[in-house]
Amino acid sequence: MSFFKRLRESISSKAEEVTNKFKEGLSKTRDAFVGKVEDLFSRRKKIDEAFYEELEEILIGADVGINTVLKLIDELRVEVRKRKIEDPKELRPILTEKLVELLSGGEETERLKTAPDGLTIYLVVGVNGVGKTTTIGKLAHRLKQDGKSVLLAAGDTFRAAAIEQLEVWGQRAGVDVIRQGQGSDPAAVIFDAVHAAKQRNVDVLICDTAGRLQNKVNLMEELNKIFRVIRREVPEAPHEVLLVLDATTGQNALQQAKLFGEKTGVTGLVLTKLDGTAKGGIVIAIRQEMELPVKMVGLGEKIDDLQPFDSEQFVNALFLGLGGAAEEAE
Ligand SMILES: Nc1nc2c(ncn2[C@@H]2O[C@H](COP(=O)(O)OP(=O)(O)OP(=O)(O)O)[C@@H](O)[C@H]2O)c(=O)[nH]1
């Protein structure tokens, strides 16, 4: 077999693996939300007010968010009039197209930024329990698989368990963790970590932080101090400030995104536990209501269950095998 053939096959088997991960991870959303959409489009024989109302209800039920749902329904009405569509089945691929449009933010913005050369620094923020530590471990693993050297900074010094947990993930991913004792100054830990990363010529430093939203002023002060420490050493860093959100908390995740996003210079979102919810529509609501791109999604608890977010793949995984626009386009 030629080199190029082997390369093509390995690329396409990798793409298939990723599609399968999305499909598996989104099975709850697919069963609930898409199942209902399919039922509606095959049961209803004409597009009337009752049809729109039912579609509206399904979308709101999947946590797509009221503003986005109203916008989407309006756009569908326009398409129906423009294209003189009468059969709901004809509208179905248009719905999937619109969903992809709502989710897209340009490929460039969805990718994690990296330093053109030298050290890349990511700061990870989010409230307790959203899956911050797990995400850092998974991200370290991904970057290592891409051939990068990685170092972690245990900047969540508020709880001893947080530091220990990060070390467990560091071991799993095979990367070192720079830490100090519980209660130490997070900015000091991150200062040490930036120095260590530079000294060791590491490609990427991922910094954990504490996410105590109940004390917003302190949190913001703490984060500002961390920013100053990082920027003194690497002026264009952090290259990303990633806010981790738990998709199973639905609209609550959106509120957190608004609160954090406004004040902490967040540049991208990571939505975890999408596998644990039937309301994956929250991705659409967040994408629409926030100016921030969803950079990655968590689709399970294992180390390789973090995937870069791809709007087309997301919608394909939801509608694949159901005769939607994604397949028709193929
Ligand atoms: N199913 C599923 N579980 C996840 C995912 N990401 C994280 N978890 C689980 O969520 C729980 C909380 O994750 P942590 O990483 O400890 O969360 P944290 O935000 O660091 O929380 P603290 O350490 O308490 O600050 C753990 O049981 C993880 O296994 C995901 O994508 N899918």
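Trainee: Is the crossing of H4 and H5 left-handed or right-handed?
Mentor: This is a predicted model: local features need pLDDT of at least 70, side-chain atom pairs count only at pLDDT 80 or more, and totals for chains, interfaces and linings use all residues. Helices (H or I, at least four residues) and strands (E, at least two) are DSSP runs, numbered from the N terminus. A crossing is left-handed if the near helix is turned anticlockwise from the far one by less than a right angle, and right-handed if clockwise. For H4 and H5, the crossing is right-handed.

Trainee: At what angle do H4 and H5 pack?
Mentor: Axes are lines fitted to C-alpha atoms, for helices over the stretch in contact, and angles run from 0 to 180 degrees between N-to-C directions. H4 covers residues 66-83 and H5 covers residues 88-103. Their axes lie 11 Å apart, and the angle is about 135°.

Trainee: Which word describes H4 relative to H5?
Mentor: Angles under 35 degrees count as roughly parallel, over 145 as roughly antiparallel, 65 to 115 as roughly perpendicular and the rest as oblique. The angle here is about 135°. That makes H4, relative to H5, oblique.

Trainee: Which residues in H5 does H4 meet?
Mentor: Residues are numbered from 1 along each chain as its sequence is written. Two residues are in contact if their C-beta atoms, placed from the backbone, lie within 7 Å. From H4 come Thr68, Leu72, Glu75, Leu76, Glu79 and Val80. In H5 they meet Leu91, Ile94, Leu95, Lys98 and Leu102.

Trainee: Which residues in H13 does H5 meet?
Mentor: The axes of H5 and H13 (residues 311-319) come within 8 Å and cross at roughly 145°. The crossing is right-handed. H5 brings Thr96, Leu99, Val100 and Leu103. In H13 they meet Ser311, Glu312, Phe314, Val315 and Phe319.

Trainee: What is phi of asparagine 201?
Mentor: Asparagine 201 sits in the loop between H9 (186-199) and S4 (204-208). It is exposed, with 9 other C-beta atoms within 10 Å. Most residues other than glycine have a negative phi. Asparagine 201 has a positive one, near 60°.

Trainee: Which residues does a cis peptide bond join?
Mentor: Look at the loop between H10 (216-233) and S5 (240-246), where proline 238 is placed. Omega is about -5° at the cis bond. It joins alanine 237 and proline 238.

Trainee: Why is H12 largely enclosed by the rest of the structure?
Mentor: H12 spans residues 282-289. Its buried residues are Ile282, Val283, Ile284, Ala285, Ile286 and Arg287. H12 is largely enclosed because, of its eight residues, the number buried is six.

Trainee: How far apart in space are asparagine 252 and isoleucine 282?
Mentor: Asparagine 252 lies in H11 (residues 251-263). It counts as partly exposed, with 13 C-beta neighbours inside 10 Å. Isoleucine 282 is 30 residues away in sequence, yet the C-alpha to C-alpha distance is 9.9 Å.

Trainee: Which element gives the most to the shell around the ligand?
Mentor: A residue is near a molecule or strand if its C-beta atom, placed from the backbone, lies within 6 Å of it. Of the 19 residues around the ligand, Gly131, Lys132, Thr133, Thr134 and Gly298 come nearest. Two or more residues come from each of H7 (132-145) and H8 (160-173). With three residues, the element giving the most is H7.

Note on methods. A residue is buried if 20 or more other C-beta atoms lie within 10 Å of its own, exposed if 12 or fewer, and partly exposed in between; C-beta atoms are placed from the backbone.
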